[in-house]
Amino acid sequence: MGRPDRKPAEVVDSDVELSVSPPKRSAAGLPSLSETLPHAVAEMGPARAWKTLRAINQKDGFDCMSCAWPDPPERKLAEFCENGAKAVGWEAEPLRIPGGFWAENDVDSLASRSEYWLGQQGRLVEPVYKAAGERNYRPVSWDEAFGVIARELNALDSPDEATFYTSGRTSNEAAFTYQLFVRAFGTNNLPDCSNMCHESTGHAMGETLGVGKSAITYTDFAKADLIIIMGQNPGTCHPRMLTALEEAKQAGASIVAVNPLPEAGLINFKNPQRPGGLIGKGTDLADQFLQIRLAGDMALLQAVSKRVLDAERARPGTVLDHAFLAEHCQGLEEFEAHLAGLDEEQVLAATGLGSEEIDELADRYMRAEKVIITWAMGLTQHKKAVPTIKEIVNLLLLRGNIGKPGAGPSPIRGHSNVQGDRTMGIWEKMPPRFLDALQREFGFDPPRHDGVDSVGSIRGMRDGKIKVLVALGGNLVHAISDTAVAEAAVRNTRLSVQISTKLNRSHTVVGEQALILPALGRTEIDRQASGEQFVTVEDTVCAVHSSTGILEPISRQVLSEMSIVTRMARAVLGDKVPVDWAGFEHSYDIVREHISHVVPGFEDFNTKIRLRDGFVLPHAPRDQRKFPTPTGKAMFSVNELDTIEVPPGRLILQTVRAHDQFNTTTYSMNDRYRGVKKGRMVLFISPEDLAELELADGGYVDVHSEAADGVDRVLRQLRLISYPTAKGCVAAYFPEANVLVPLDSTAEGSNTPASKSVIVRLEPAAAPN
């Protein structure tokens, strides 16, 4: 049984009870266990919690929605982490938003509430509509809701006046169907959350290796000699990764952490599934910690590569993998000539490191035969993110660290199916071969011009060029940069549509008209005309597996994402294109059959996905050391080192996630590993910077962003926390600090918001009331 008596939590929307303690130096262990089970039981009740936690990430269960970390070949009884359990509890709680809620809370009052308060109100269980000129949503029928969408989309002068956002929690089947509907409607405006996270990765790896995905498998971690973790906090963002790192360490691997902040999970891991992890000292993970200055990663990588090349010149034939380079690579001579002029003083200034620290990393790299370099948004959200990731490829290529067990580039993605979304066609720039395959399969010619990404969509809404926003999941206005601009842009639309399981900030920032359409969660049984359905996802190492809900739906009125998308397509398009939308809804095998004809690697999809372990998509660089670039070779790249100049008295800001958080969703107001409790409006700053700026630990400041456009963006009344971060660097929580990131401050080439390199000044402020 669930918890029908559960009431919405009494939530304080300010940080009046905020408290701070020293940061932790170990992750997981008994505290993780004592957090996980009581939280799950409190949210779902004991029986519901037991049922869901036993099924999460199991081969016959459902895929966790909290990250894209891959599953090991053999599953444990508890194949989930603390945050995964909280994500399941957040979705699977039985509390419903009552019908009277909408009359009692207009959009202005909802907009004044915190993200945490909104999420605590319960599940969405009926479609609601806010008409033009009104301030309240009201319940409507599904037919009325789809009628509004059809009326507004079909009234546009051009299909490009609409944009169709997608969250990475969407299944492969729903993502494929959604992009098919959008392209049949006539536009490639298909932004998604990847635009804001790993777009830089796909761009850099696509140009250099020909494939923009991880070039390793799960089992490669335990085969590596060296794992370099850059700009990533696995203890909070991918906790199950700590188990793979522990296994690698026990197998003899060295681990290097490169990060401005010392993260508990990379210092010590107490595995809660081992007795020694609960009561013992745990496993020390990082053998070397490079506390790098923000945006200094490209300089570090170039410096290490130069040391490798210098060592080869000193000991010819003993350092580089000459056979690999001769057969598979192009551009080495130009790369070597470029690095010959690298300025060591510029490197040290950019990184904040000493030469001896870089020497040690280079020595570790040259001693290792098999090297994995893994990274996340600490690298992808800088102006020079794309060339930085290209430098990762350069370094790996020098010693042939790709296409062999235990070696390769490994971007770690967040949302559980964000990689599958892109594979299924959710991209504003899908290549002609994909569009040609759609045309052959469905008998219509998709639009061929590029669409707009997430930042481009906000610009289009701001400028009045985009009049309708449809969002399949996610929380766009809270996830994107430049919050004030983003919210004004959405309010400038004629219609905003949100397809969601629970309330979030984007439901309170609305167009002239607005719809909220409630969707089934991944934990719930999806019954269609042909019987119970399953969906599929692709994890961060290209493995595809099924996900089957196990709970009764929260309400009979709630539809699956597939039902919502196919019924929306039927309402909008009628018989415009020869697609069996009703068949797609009735049996997901039908859409999988079409996917098998359109998407490479998915041939015989319905058979392969029913294998107990699913299947792994082909990856030419990983599997065959073949590189589908224009030259057929892996490409070295030449990248000019461009460091951030910080004026006196200014600092570089990065946005970070708290531990009790998944993307924009907050499960509590705590960040246990960093020692923050009951609050989020804080700024982490080094003791040295506090002293130089004559500020006090525990004092309050207004944080002003200093951007080239001259706009004074400010986040007010943040409490200062003296913290062991890199000197000259500060950190604040995402998404609250997004207000400081200019919309036009993006990574070159990928257009990803540069949320990790914002120049700020601090002005003393009074404490909040």
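The largest pocket has a volume of about 1300 Å³, where a pocket is, on a 1 Å grid over the protein atoms alone, an open set of points with protein on both sides within 12 Å along at least five of seven lines, and a volume is the space filled by probe spheres set on the points, which are joined across faces, edges and corners. This is a predicted model, in which local features need pLDDT of at least 70 and side-chain atom pairs count only at pLDDT 80 or more, whereas totals for chains, interfaces and linings use all residues. Residues are numbered from 1 along each chain as its sequence is written, and side-chain values use heavy atoms, with hydrogens and water left out.

**Largest pocket**
- The pocket is lined by 40 residues, of which G210, V211, G212, K213 and R433 are the closest to its centre, lining residues being those with an atom within 4 Å of a point.
- Helices α9 (199-208), α21 (418-423), α22 (432-442) and α30 (620-624) each supply at least two lining residues, and α9 has the largest share, with five; helices are DSSP runs of H or I with at least four residues, and strands are E runs of at least two, numbered from the N terminus.
- By class, this lining has 15 nonpolar, 15 polar and 10 charged residues, with Ala, Val, Leu, Ile, Met, Phe, Trp, Tyr, Cys and Pro counted as nonpolar, Asp, Glu, Lys and Arg as charged, and the others, Gly among them, as polar.

**Cavities**
- The whole structure holds nine cavities of 30 Å³ or more, a cavity being a set of points where a 1.4 Å probe fits but cannot get out.
- The second largest cavity, of about 240 Å³, is lined by 18 residues, with L520, G521, R522, D526 and V535 the closest to its centre.

**Strand β7**
- Four of the five residues of strand β7 (residues 254-258) are buried.
- Strand β6 (residues 226-230) runs parallel to β7 and is joined to it by five bridges, with I228 opposite V256; pairing requires at least two DSSP bridges.
- Strand β10 (residues 288-290) also pairs with β7 in the parallel sense, over three bridges, and there Q288 is the bridge partner of V256.

Technical notes. Buried < 20%, exposed > 50% of the residue type's maximum accessible area, 1.4 Å probe, protein only.
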